[in-house]
Amino acid sequence: MNSKLDGQSVLTFIDDGVAAEKPLLKERILIGRAEGCDLCFPFHQEVSRLHASLSATEQGWVVEDVTSRAGTFVNGERVLEPHLLRDNDVLKIGTLKLTYREKKHSGETVDITAGMAAEMQRMQEEMTSAPASQESTKPVSIEDTIPIKTIPTPGEETAELFLNYYEMIGVENFEPDIARIHDVAKARLQDLQKNPQSSSADEPAFSFDEVSKAMFCLTDAKSKMEYDQRLAEDLGLDVNVVNNRVVPARRAGGMEEVAIVGVALIVLVVAGWFGVPWILRTISSFFDQIQQSTGMP
């Protein structure tokens, strides 16, 4: 298990006047308005459906923007590339502010209430201060006004509606690297934002919502394993579970074919070894008969 996934790090925030905290217990945390996000804010229209993500690395937690319109900010600076978080960093997602807190020692406790009290005070000051900045009053985009579809879990889909999430994202079936799935899906979603109707003859057209659903499922280790088992069943493959990951097993039929080819090669080698002298003797005997019949010396 990643050393960062020990419950030592949390996000604290105020949502609709209620103090809350989110322990960071997964390798990847998706933040957005769409149902299926780990941190879901469905009533905040300024938050994009897939706004930002947090990833656990050996260096610490990294935040990056996924497909937001308004941007993701850390301590007032817009995040343009993956950004390593430090204790007490403040993330701004839409009008929401989330404070990143971490324990530096095993016996230390995070003072959640102090951070939330400060955030409440900051919110009250903003409400009574000058009119909101241009950034906070930015019109809601068309993308953000699209109704959110309910995202069913893999088990809720019928066999007829079962879709290949790996194909939607653009990676190989059973891709084990969740970080790669996240990055490829992010690039795919960003492209769909710019060109919603883009498709080619060789590449099926999938919607933003469909690719989002695939990303929700395959960037969570537990749901990915469940989905992989269903995909293997749908494809008629035997699988093994190795280190909490589904790995397709070799088909028995394939091994039998290899064995048959091996036996055939052995037979050919043996036949050739013993057959060549016989062939040579047969040819020599044939020419001897010709010489005798023609009286040639």
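**Exercise 1.** Decide whether Lys186 is buried or exposed, then find its salt-bridge partner.

*Solution.* Lys186 has a relative accessible area of 14%, so Lys186 is buried. Buried means under 20% relative accessible area, exposed over 50%, partly exposed in between (1.4 Å probe, protein chains only). This is a predicted model: local features need pLDDT of at least 70, side-chain atom pairs count only at pLDDT 80 or more, and totals for chains, interfaces and linings use all residues. Residues are numbered from 1 along each chain as its sequence is written, and side-chain values use heavy atoms, with hydrogens and water left out.

Next, the partner. The side chain of Lys186 meets that of Glu64 in a salt bridge at 2.7 Å, N to O. A salt bridge is a side-chain nitrogen of Lys or Arg within 4 Å of a carboxyl oxygen of Asp or Glu. Lys186 sits in helix α4 (residues 178-194) and Glu64 in strand β6, 122 residues apart. Helices (H or I, at least four residues) and strands (E, at least two) are DSSP runs, numbered from the N terminus. Glu64 is buried too, at 8%.
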